[in-house]
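Please keep the sequence and the structure at hand while reading.

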Amino acid sequence: MELRRGTDCPVSGWLREYWTPERKQTAWLVLCATAVCSFAAHGFLFSNEFFSHDSISYFTYATGSFSFYTSIGRFVIPVYELLKGDAAAPWLIGLLFIFWMSLTAWLVIHLLKIRTAGGILLTCGLLCTNLALTLTGATYVYCMDEYAFALLLAVTAVWCFHRGNWWVLPGLGALMISLAVYQAYFTVAASLCLILVMVRLRDNEALSGAVLAGVRYLALLAAGFMAYYGVWTLVCAVTGVAKRRVEESLLAGGGLGKLLGLVQDANVDYVKGLFDAGRVLGWWMPVVHGLLLALLGWYLLRILMDKQLHIGNKALLLVLVCLIPTAFNSSAILLEGSATQLMTFANELMYLLVLLCREHEERQGAPLRTAAAVLLCCVLWQHVVYANQVYLKKELDKTATVALSARIIDRIELLEGYVPGETPVAFVGRLDRNDYLNRGRDEFKALDKTVGLWSDYSATYNLGRYLTDYLNYPLAWDTETDFSQMPEVQVMPAFPDAGGIRMVDGTVVVKLS
């Protein structure tokens with residue numbers, strides 16, 4: 001039915017009421033800040049390609065089967081990848097990444113009530129340059145935007161839980177889908193809920209109300225996880241796919257008896273990480289982190305000295321402060337210490353705590369506000385430097401792998417009796433386990449022990465895939481026969497030794513390690 005002039009539909013009226021000029025200005029600021037910081041950190045990644053490690057196998061999405069993603073609990077990923085075509089295009093991934101991260105930053109800003117322009121800019125920058133996202137882009141660029149989408153849904157769930165009432169239903173749905181894309185950001189949702197309870201206590205809300213809010217958050221997080229696990233179980237039952245990696249978790253692995261030790265290790269590792277001088281900027285970041293912790297301590301002291309704040313609120317706030325390292329590094333606990341840096345996005349939520357104190361503690365004065373902003377700018381700069389050094393190393397690894405692959409192909413083709421595309425070729429060992437070739441780079445010592453960056457070459461366990469899919473070489477790759485136990489292969493030296501590639505029973509064997 002056509003609306004009469006002068007009347008409004010309820011939705012458009014609500015949108016006009018919500019979409020105020022102030023919110024429009026904030027939205028543009030968020031979008032611009034996220035785009036600028038994303039390109040400063042990840043622009044080289046988005047405008048180039050240097051697929052490595054797993055991305056060699058999955059840079060064409062057709063190779064990432066539904067059964068594989070279902071088995072590891074990420075059964076929504078194949079549906080999402082329908083948006084992106086058949087191949088991982090870095091520039092498109094970059095655009096999607098910026099869009100999802102802008103929405104995430106928008107929600108975080110409203111959730112934590114960050115109102116100043118400086119606070120908004122820093123929030124956007126620190127979120128989109130998080131080190132966990134950099135390491136994802138370096139090796140798993142094909143799913144960088146997917147993980148950003150999972151992060152957005154995790155934050156959306158918290159935003160809905162915070163609003164309460166019927167909003168908890170879409171919140172549970174968002175949390176379920178987030179888990180079905182990438183489970184690691186569940187810890188981000190839990191950490192944000194902890195921060196929100198701390199804010200309630202700081203705002204002198206009744207202690208019972210804050211406690212009930214915390215219990216409600218825990219119940220909703222548990223309900224969302226159980227609903228996800230139930231749907232995952234159902235999907236596996238319908239498709240006949242067996243679950244994988246379940247045994248790596250704390251509960252399935254029967255590791256509850258080790259919980260106290262895991263919590264202690266997680267706290268120690270978190271503090272050590274803050275004062276690790278082995279990063280790309282050396283001693284600079286431990287100093288910055290020390291000063292940030294001093295600022296947080298000062299803010300906490302000011303809160304505890306507030307005579308208007310109820311004593312119960314102060315006591316519970318102290319308890320929750322002590323739980324911060326445990327919450328932020330909870331991925332290490334849930335995975336029994338086996339979590340990689342890809343799963344540590346929540347570790348950097350400490351910076352949001354500093355921003356939160358800077359925004360809402362009005363009495364600390366301009367000097368402390370300025371000091372907090374300068375220190376957070378230093379963190380942001382370190383993130384940008386780190387990302388660009390990581391991507392530079394990956395580019396050099398790509399160049400080295402192309403040159404090495406050309407030498408291997410040349411040696412194969414020089415073997416007597418070899419017919420391209422017909423003579424079977426088999427690989428023994430792994431390129432990343434060849435100590436002669438993987439000597440490490442002195443220029444990137446700070447990166448060598450980081451997940452995905454340990455090798456000097458792009459192909460690690462999958463050189464055959466690199467030659468066939470990446471370099472498009474007509475290779476008759478034998479993946480069925482195990483040549484490693486044959487006596488003549490065991491005595492072979494590893495490439496690049498002259499005897500590292502030879503014909504064995506009509507098959508070209510390339511011994512990599």
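## The second largest pocket

Helix α13 gives the most to the lining of the second largest pocket, with eight residues. The model is predicted. The space in this pocket comes to about 860 Å³. Its lining is made up of 32 residues, and those closest to the centre of the pocket are Gly273, Arg279, Gln341, Thr344 and Asn347. Two or more lining residues come from each of α8 (131-139), α13 (259-274), α17 (330-334) and α18 (350-360).

What classes of residue are found in the lining of the second largest pocket? There are 14 nonpolar residues, 10 polar ones and eight charged ones.

## Cavities

Rolling a probe the size of a water molecule over the atoms shows where empty space is left. In the whole structure, a search finds four cavities of 30 Å³ or more. The largest cavity has a volume of about 50 Å³.

Which residues line the largest cavity? They are Leu126, Leu127, Asn130, Phe345, Glu348, Leu349, Tyr351 and Leu352. The elements giving two or more residues to this lining are α7 and α18. By class, six of the lining residues are nonpolar, one is polar and one is charged. Helix α18 also gives two or more residues to the lining of the second largest pocket.

## Positive phi angles

Most residues other than glycine have a negative phi. His53 is not a glycine, yet its phi is positive, near 55°. His53 sits in the loop that runs between α2 (21-46) and α3 (54-58). Is His53 buried or exposed? His53 counts as buried because its relative accessibility is 9%, and the cut-off for buried is under 20%.

Lys113 also has a positive phi, of about 60°, although it is not a glycine. The loop that holds Lys113 lies between α6 (90-111) and α7 (117-128). Lys113 has a relative accessible area of 46%, so it is partly exposed. That class covers values between the limit for buried, under 20%, and the limit for exposed, over 50%.

## A cis peptide bond

Most peptide bonds are trans. Where in the chain is there a cis peptide bond? The bond from Phe495 to Pro496 is cis, and its omega is near 20°. Pro496 belongs to the loop between helix α21 (487-490) and strand β3 (501-504).

How values were computed:
Residues numbered from 1 in each chain as written. Predicted model: local features only at pLDDT ≥ 70, side-chain atom pairs only at ≥ 80, totals over all residues. Heavy atoms only, no water. 1 Å grid on protein atoms, 1.4 Å probe; cavity = no way out; pocket = protein on both sides within 12 Å on 5 of 7 lines; lining within 4 Å. Points joined across faces, edges and corners; volume = space filled by probe spheres on them. Helix = DSSP H or I, 4+ residues; strand = E, 2+ residues; numbered from the N terminus. Nonpolar A, V, L, I, M, F, W, Y, C, P; charged D, E, K, R; others polar. Buried < 20%, exposed > 50% of the residue type's maximum accessible area, 1.4 Å probe, protein only.
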